[in-house]
Amino acid sequence: GLPPQALTLSRQTGQPPEMIAPLFIHIEEQPQKRVAYVRHTGSYKGNAELFRSLFGKLERWARKNNIHQENASAYCLYHDQSDQTIDDKLRLSVCVDVKSHVQPSGEVNIMALDGGKYAVGRFVVSPQDYQGAWNYMLFQWLPESGYLFDDRLPFERYSRDVTAPTQGKLVVNVCVPIK
């Protein structure tokens, strides 16, 4: 099947999906990661405030539990195919790397993020550009790459060193599981 972000625009409008080009794309073998996460169920597209609020919850939890995150990456995981799931049922998890001794508490749970082979596209985006970045990876790069979409969750990865906004933009790595 197609990944969560796929086909939403083209199904609704019949137009080719809007795309933005990445700085680069490379293939990575990623190890399995242990992450702390906060889950949101409901609509999220283009809602920068929601993402800030979810990441804020994670950061407050990390501070309260004395979890140091200097080298940690943050992630947004998408659990559903957005063209097949009604908006108020869509599931999104925001996550951060944690070490093995860290335990869940409050709204924050722990899960494993699958390792394996990913195509990673690095993009510079404004909040409204995320869909265009996903569209590029799924409609432009993937069909021409010779790879197939693998049945693991796709996600966005943000590194600590690149989350400082530049003119309101963020650097994001769009990670598409491939085989």
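Which residues does K33 touch, not counting residues up to four places away in sequence? They are Y75, D97, M111, A112 and L113. Contact here means heavy atoms within 4.5 Å.

## Basis of the model

This is a predicted model: local features need pLDDT of at least 70, side-chain atom pairs count only at pLDDT 80 or more, and totals for chains, interfaces and linings use all residues. Residues are numbered from 1 along each chain as its sequence is written, and side-chain values use heavy atoms, with hydrogens and water left out.

## Overall fold

The protein chain has three helices and eight strands. Their order along the sequence is α-β-β-α-β-β-β-β-α-β-β. Helices (H or I, at least four residues) and strands (E, at least two) are DSSP runs, numbered from the N terminus.

The protein chain has 179 residues, and 49% of them count as buried. Buried means under 20% relative accessible area, exposed means over 50%, and partly exposed lies in between (1.4 Å probe, protein chains only). The chain exposes about 9400 Å², with carbon and sulfur atoms supplying 50% of that area. Accessible areas come from the Shrake-Rupley method with a 1.4 Å probe; for residues, only the protein chains shown count as cover. Among contacts with a separation of 6 or more, 79% join residues 24 or more positions apart.

## Around K33

K33 lies in strand β2, which covers residues 33–41. K33 counts as buried because its relative accessibility is 14%. G115 is 82 residues away along the chain, yet the C-alpha atoms of K33 and G115 are separated by 7.0 Å.

The side chain of K33 makes a polar contact with the side chain of Q30 at 2.7 Å. The K33 side chain also reaches the backbone oxygen of P31, at 3.5 Å. A polar contact is a pair of N or O atoms within 3.5 Å; within protein, one must be able to donate a hydrogen and the other to accept it, and residues adjacent in sequence count only if both atoms are side-chain atoms.

## Aromatic rings

Rings of Phe, Tyr and Trp (its six-membered ring) pair if their centres lie within 6.5 Å; planes under 30 degrees apart count as stacked, over 60 as edge-to-face and the rest as tilted. By this rule there are eight aromatic pairs. One of them, W141 with Y147, is stacked: 6.0 Å centre to centre, with 20 degrees between the planes. W141 is buried, at 17% relative accessible area, whereas Y147 is partly exposed, at 27%.

Y44, F51, Y78 and W134 form one aromatic cluster. The charged end of R152 sits over the ring of Y118, 4.6 Å from its centre. That term requires NZ of Lys or CZ of Arg within 6 Å of the ring centre and within 35 degrees of the ring normal.
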